[in-house]
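This report describes how side chains are arranged in one protein model. Please keep the sequence and the structure in view while reading.

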Amino acid sequence: ENVWDITEYSSWNSLFYNNNNLLEVLGANTTGLTTMEYMFNSCTSLTSVPLFDTSSVTSMKSMFHHCQLLTSIPLYDTSSVTDMSWMIGECPLLTGVPLFDTSSATDMSNMFYGCSGLVTVPLFDTSSVTTMKGMLQECSSLTSIPLFDTSSVTDMTTMCFKCTSVETGALALYQQASSQASVPTHQWTFTNCGSGTVSGAQELSQIPSGWK
């Protein structure tokens with residue numbers, strides 16, 4: 001019913017936070033916005049979102065966290081985004097996500113935590129990422145783990161924890177990360193990862209207990 005002119009702001013943090021009645025967003029002038037943290041966090045009735053201008057946004061932390069009915073996310077311009085922690089966590093109806101430009105990202109912790117319907121994840125540019133803690137944790141439908149660049153990563157704790165449907169990729173990621181000059185923190189990184197598939201279980205058996 002209402003049209004608001006809020007273009008003078010650079011932050012829309014928590015704009016619709018915990019709005020259980022929000023069903024649809026038709027569009028908005030987001031030019032110049034620099035942060036969208038928690039913008040749609042816990043909008044549990046929201047099923048879709050439009051393609052915003054996000055060219056100036058640097059943080060999408062928890063932007064769509066706990067949007068339980070969200071089925072897709074547009075290919076936003078994320079070239080300036082550094083913080084993607086919890087961005088899409090606990091969105092169980094998502095089966096895939098776009099190949100975002102993550103060249104500036106440094107924090108992907110819990111980015112897809114609890115996305116139980118997620119089947120695939122693109123090979124993001126993670127060359128600047130320092131933490132992947134819980135990134136894919138409990139993505140129980142995920143079938144493969146991409147060989148992300150972990151050269152800058154310092155924390156991989158619980159990264160692939162309980163990704164039980166994984167068939168391939170865990171072993172290669174372990175081999176890469178464990179051979180780095182500075183090995184990332186890795187408690188429970190691969191716990192139960194691939195345990196529900198034959199090939200995944202075989203890979204898991206080759207990963208040392210200190211990583212799982």
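Predicted model: local features only at pLDDT ≥ 70, side-chain atom pairs only at ≥ 80, totals over all residues.

## Aromatic pairs

The count of aromatic pairs comes to eleven. Phe112 and Phe124 are both buried.

Aromatic residues also form a cluster, which consists of Phe16, Phe40, Phe52, Phe64 and Tyr76.

## The largest nonpolar core

In soluble globular proteins, nonpolar side chains tend to be buried together. The largest nonpolar core of this model holds 60 residues. Which of them touch the most other members? They are Phe40, Phe64, Ile88, Phe112, Met135, Leu136 and Phe190. Helix H1, residues 170-178, contributes the largest share of this core, five residues.

Leu136 illustrates such contacts. Residues up to four places away in sequence being left out, Leu136 touches Phe112, Val121, Leu142, Ile145, Phe148, Met159, Cys160, Phe161 and Cys163.

Phe190 is found in the loop between H1 and helix H2, the latter spanning 198-205. Is this residue buried or exposed? Phe190 counts as buried because its relative accessibility is 0%, and the cut-off for buried is under 20%.

Leaving out neighbours within four places in sequence, the contacts of Phe190 are Cys160, Ala170, Leu173, Tyr174, Leu204, Ile207, Trp211 and Lys212. His65 is 125 residues from Phe190 in sequence, and the C-alpha atoms of the two are 23 Å apart in space.

## Cysteines without disulfides

A disulfide is a covalent bond between the sulfur atoms of two cysteines. How many disulfides does a search of the whole structure find? The search finds zero. For Cys91, the closest cysteine sulfur belongs to Cys67 and is 5.2 Å away, which is too far for a bond, because a disulfide requires sulfur atoms within 2.5 Å. Cys139 is likewise in no disulfide. The cysteine sulfur nearest to that of Cys139 is in Cys163, at 5.2 Å.

Cys91 has 0% relative accessibility and therefore counts as buried. Cys139, at 0% relative accessibility, counts as buried too.

Conventions: Residues numbered from 1 in each chain as written. Heavy atoms only, no water. Core = buried A, V, L, I, M, F, W, Y, C linked by side-chain atoms within 4.5 Å. Buried < 20%, exposed > 50% of the residue type's maximum accessible area, 1.4 Å probe, protein only. Helix = DSSP H or I, 4+ residues; strand = E, 2+ residues; numbered from the N terminus. Contact = heavy atoms within 4.5 Å. Phe/Tyr/Trp six-rings, centres within 6.5 Å; stacked < 30°, edge-to-face > 60°.
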